[in-house]
Amino acid sequence: MKNTFDIAIIGSGPGGYRAAIVAALRGKRVAIIEKDHWGGCCLNRGCVPKKAWHDTATLIKKSQTFNKRGLTGRLQGDLQQSWQHQRSVVTTTQTNYLNYLSHLKVTKYQGTASFLTPQHLCIKQSDRTKITLTAKNMIIATGSSAKPMQSLPWIENRVLSTDMLFDSPPPTGHRVAIFGSGVVSTEMAFILSQYNKQISWLVRAPPLSTSRFSQPGLKALNTALTSAHTHWQQYHQFISMTVNDNDITLTFDNLPPITVDWILLGMGRSPYSDSLQLNNIALTLDPHGFIQRNHHLQTQHKNIYAIGDCANPNMTANHALAEASYAINHILGTSQPAYQPQWVPQVIYSATEMARIGWNDDQAEDRGFEPAIGFSSFQVSPCAMGQEATHGHVRLLAELETGRFLGGEIVGEQAGELIHGLTTSQAPAQQLKTIVNTRYNHPSRMEEILNASETLASQWGLEQFIFNDTN
Ligand SMILES: Cc1cc2nc3c(=O)[nH]c(=O)nc-3n(C[C@H](O)[C@H](O)[C@H](O)COP(=O)(O)OP(=O)(O)OC[C@H]3O[C@@H](n4cnc5c(N)ncnc54)[C@H](O)[C@@H]3O)c2cc1C
């Protein structure tokens, strides 16, 4: 029947897109509705363009060691050209996404969806016509929006959110102030500093200090930032912003005035569900605006799931993707372990890559575990030496009594790829065993995961659990 589906998905970011693909691959009749740019924040203004810039910034940074490696010259960044490059990556990926949806016979609607009943949506299209759609199950994946700050309002080409930076070619001035000490600011401060920008990075607290990375991890980040000439300044209170014709002056209670050409605000996003008319189906939000759901990701209506930024304060594409798979499995009745967000990897792309999964030391202790620690530094890795990238480490935690994997952190080049070495087993009790029984390429950075696991087993007397030793 026309406009009748097994599953209707609202939003085409990583959460919505993956849910649509997985459901269609498994034989369901699927609709996906997008009101703005196909691919959501992640593709258009987040992970994908940022990763392209990070890769370029890392090449520029690495060129500091070119002479030592027998290469001559030094790379120089051109942010305007890099902006064009990320646009072409985004446009091509978007075309590929849309083609794949068509190939899988997913019905795409361009318009704004709102609820009429728990099984009916109204889609308002750009020409103002409306369509009513019926679906047995719904997935809300409406994402988040950039959070404005009262004291620093956005001004086109002068005071930018990251959305504005990726939407239009960047302003040309060299002096840039970046506010914030969270993930996005820590990434963008490094990236822009490699493009010869003179960065004033202004923070209330040290970078990532509220994250779950370990103290050695944060120390390694600071060392990498310093070697990339990316420095932060801590302010107590922001006093004022004066926007002149040619520049902007910022004043603080504890710093001398700072004059810049433009400002980037990387300070957080708010969950977005405004246009859904949730009151029509009596769905409630928590006090921070996130859609409430149970541990199967179902809202008060069991046929309506909420995934990604609109429901999960972690606000990463990695969580949106993991939740999409979980929700589709749940709809299809697939047997799966309960959804455990701590087993979704978190990755930071800054002066060094940082990746982590599971509990950190404090979280493990809070849960009554006594953690044993396994450590390996890339300084001993012949692969890392050849790459002139010996910075960083692998740090693993296991339960002292049983060798059960509790969590792990990888800092250094390619940490965002290496973290998959810690996700190879669904059962934490099997993870370190799986690592020590895997075959590795030599020389490779992955070998340091093996090294840290073996060291952990031997140092803490966990051989019987991790190596299966019987004597
Ligand atoms: C600069 C930056 C860098 C980032 N880098 C990373 C990274 O490296 N790794 C990572 O994991 N995460 C990263 N993130 C976070 C990541 O982008 C988000 O967590 C992710 O996009 C959330 O996915 P989502 O599917 O929940 O929602 P979104 O990607 O926000 O997509 C939601 C979509 O729903 C649409 N929509 C909303 N309401 C309606 C409606 N009523 N009808 C129809 N459509 C609607 C919106 O238009 C939007 O396209 C980054 C974010 C930023 C800002």
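# Chatting through the ligand site and the fold

Q: What kind of ligand atom is 3.4 Å from a polar backbone atom of Thr316?
A: That one is an oxygen atom. A polar contact here is a pair of N or O atoms within 3.5 Å; within protein, one must be able to donate a hydrogen and the other to accept it, and residues adjacent in sequence count only if both atoms are side-chain atoms.

Q: How much of the ligand does the protein bury?
A: The protein buries 93% of the 1000 Å² that the ligand exposes when taken alone. Those accessible areas come from the Shrake-Rupley method with a 1.4 Å probe; for residues, only the protein chains shown count as cover.

Q: Which elements give two or more residues to the shell around the ligand?
A: They are α1 (14–25), β2 (30–34), α2 (40–45), α3 (47–62), β3 (107–117) and α8 (317–332). The most comes from α2, with four residues. Helices (H or I, at least four residues) and strands (E, at least two) are DSSP runs, numbered from the N terminus.

Q: Before I go on, what am I looking at?
A: This is a predicted model, so to speak of its limits: local features need pLDDT of at least 70, side-chain atom pairs count only at pLDDT 80 or more, and totals for chains, interfaces and linings use all residues. Residues are numbered from 1 along each chain as its sequence is written, and side-chain values use heavy atoms, with hydrogens and water left out.

Q: OK, how many residues surround the ligand?
A: There are 39, and the closest are Glu34, Lys50, Ser275, Asp309 and Ala317. By class, the shell has 15 nonpolar, 17 polar and seven charged residues. Ala, Val, Leu, Ile, Met, Phe, Trp, Tyr, Cys and Pro count as nonpolar, Asp, Glu, Lys and Arg as charged, and the others, Gly among them, as polar.

Q: Where does a backbone N or O atom of Ala113 lie?
A: It lies 3.0 Å from a nitrogen atom of the ligand. For Lys35, a polar backbone atom is 3.1 Å from a ligand nitrogen.

Q: Changing topic: how many helices and strands are in the chain?
A: The chain has 14 helices and 21 strands. Its radius of gyration is 24 Å, close to the 23 Å that the globule rule gives for 471 residues, so the chain is as compact as a globular protein of that length. That radius is taken over C-alpha atoms, and the rule is 2.2 Å times the number of residues to the power 0.38.

Q: Which peptide bond is cis?
A: The one from His442 to Pro443, with omega near -5°. Pro443 sits in the loop between α12 (428–436) and α13 (447–459).

Q: And where is Asn157 found?
A: In the loop between β6 (144–146) and β7 (159–161).

Conventions: Near = heavy atom within 4 Å.
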